[in-house]
Amino acid sequence: MKTIAAIVLLSCCALAQDKTAISAAEAGCGPQEQKFEVNSDESQHPAPTPEDSKAVIYFVVDGRSVPAAGYTSVFGVDGKWVGAVNAGRYFFVPIEPGEHHLCARRQSLLPPGGPRVSVHSLKAEPGGSYYFRTRMYQIVGGGVGFVFQLDQMDSDEGRWFVAWSKFSTSHPKD
């Protein structure tokens, strides 16, 4: 009986440590329950040049991924959601130079399986432009599942993705 109690106690403590570690790793995310409404604006295609004292992050959802139109990505910087986009869309946000923690979350449940959050760190330089994309790809073999991933792209690839994507705006749903 003491062995069972010890196992239960240790399991609870291990689970609490995992939640703490997950919470620390997701420092770039905002509140998990926040949802966004996304609107595309095909009449605009802004691509600002960053001010000398700031940097710009472009967020893109890869429209070539599997399934291309099945999900919305919500993006966070330093614990606050800054916007959301659907596949083949982009938006940008100016940031202060320095160390930042980024987060992307799948807003929709489709497709099922795989993680719904991906994180990345960034050391932004004054005047810098940074490009991040989310993409999903299917796990080959071993059943149905998808990987959701936030990647930093080099500037050439990032500019290409932005050029081929549609500009989007978003706002939190009530």
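Among contacts in the protein chain between residues at least 6 apart in sequence, what share joins residues at least 24 apart? The figure is 69%, with a contact taken as heavy atoms within 4.5 Å. The model is a predicted one, so local features need pLDDT of at least 70 and side-chain atom pairs count only at pLDDT 80 or more, while totals for chains, interfaces and linings use all residues. Residues are numbered from 1 along each chain as its sequence is written, and side-chain values use heavy atoms, leaving out hydrogens and water.

As for confidence, pLDDT (the predictor's confidence in each residue, from 0 to 100) has a mean of 79 over the protein chain, and 74% of the residues reach 70 or more. Residues 1-16 sit below 50, and this stretch has zero contacts in the model beyond near neighbours in sequence. Where pLDDT is low, the predicted coordinates should not be read in detail.

On to the fold: the protein chain has two helices and ten strands, these being DSSP runs numbered from the N terminus (helices H or I, at least four residues; strands E, at least two). Six strands make an open, mixed sheet ordered β1-β10-β5-β2-β8-β9, where pairing takes at least two DSSP bridges between strands. At the edges are β1 (36-40) and β9 (146-153), each pairing on one side only. Strand β8 (residues 129-138) runs antiparallel to β9, joined by eight bridges, and Thr-134 stands opposite Leu-150 in β9.

Helix α2 (residues 155-164) lies across β2, β5, β8, β9 and β10.

Terms used: Axes are lines fitted to C-alpha atoms, for helices over the stretch in contact, and angles run from 0 to 180 degrees between N-to-C directions.
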